[in-house]
Amino acid sequence: MPKVTRCSVMRTTLAWAALACAPLAAADWLVEAPDDTTRFERLESYLGGFSAAMWETHHRYELLHEALTVDNPELAVYHWEKIKSAIQGGYMKRPGRQANSDALFLDETWPAVHEALASDDEETRWNAFMRARSACMGCHVAEDVEFMNRQRLFTDLTAPED
Ligand code: HEC
């Protein structure tokens, strides 16, 4: 006897429910997938590529700026550490992005900014933010997405003017 699942019951008893069981709309989109290959394909597509990692990076970068604005260096360091993981997760999915990520961001800038963000000196912390900003923007130029730099994230979020 075939395994009776919630989806198959719905399929046979309610014609309209077949829609809810369509591959990408089903609540059990992984459990009900026909095989592991399909499961992995669905996960891969759902997890996205480098832009998904940049989406997280974007959010945390804003929160990093906010943390410095409210004078909370611990929170700034916290987001800076998560930004590193997000970028590494991004190039795990898109290895072509690793060389510039490492050379322009992670190898030298990241540890220097990490140390400076924890400083007692407010100016040192803001200088670190501006160094991080330059590294983000430099990688966008190197990766042929310079248009990313022309948005409020980069034009408005800067160190406070004296
Ligand atoms: C590999 C070098 C690299 C580094 C380092 C990098 N980016 Fe990006 N960023 C990219 C690329 C490439 C894209 C476009 C991704 C795509 O089209 O799949 C992108 C896209 C973005 C986007 C648009 C994301 C979206 O789809 O919503 C934002 C925002 C962004 N980056 C912010 C940042 C910030 C902030 C930093 C620094 C903390 C940063 N990036 C560091 C390469 C980089």
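**View 1. The exposed face of α7 in the predicted model.** Glu-123 and Met-130 are exposed. Both sit on the face of α7 that is turned away from its buried side.

**View 2. The buried side of α7.** Seen here are the buried residues Arg-125, Ala-128, Phe-129, Ala-132, Arg-133, Cys-136 and Cys-139. They lie on the same side of α7 because their arc around the axis covers only 140 degrees. An α-helix has 3.6 residues a turn, so residues three or four places apart point the same way.

**View 3. Packing partners of α7.** The buried residues of α7 pack against α3, α4 and α5. They also pack against α6 (109–117) and α8 (152–155).

**View 4. α7 from end to end, and just beyond.** The helix α7 has 21 residues. From first C-alpha to last, α7 reaches 30 Å. That is close to the 30 Å expected at 1.5 Å a residue. Just after α7, Asp-144 takes a positive phi of about 65 degrees.

**View 5. The residues nearest the ligand.**

**View 6. The shell around the ligand, by element and by residue class.** Two or more residues of the shell come from each of α3 (50–69), α4 (73–93), α5 (98–106) and α7 (122–142). The most come from α3, which gives seven. By class, the shell holds 14 nonpolar, seven polar and two charged residues.

Notes. Residues numbered from 1 in each chain as written. Predicted model: local features only at pLDDT ≥ 70, side-chain atom pairs only at ≥ 80, totals over all residues. Near = placed C-beta within 6 Å. Helix = DSSP H or I, 4+ residues; strand = E, 2+ residues; numbered from the N terminus. Nonpolar A, V, L, I, M, F, W, Y, C, P; charged D, E, K, R; others polar. Expected span 1.5 Å × (residues − 1). Buried ≥ 20, exposed ≤ 12 C-beta atoms within 10 Å, placed from the backbone. Arc of directions from axis to C-beta. Contact = placed C-beta atoms within 7 Å.
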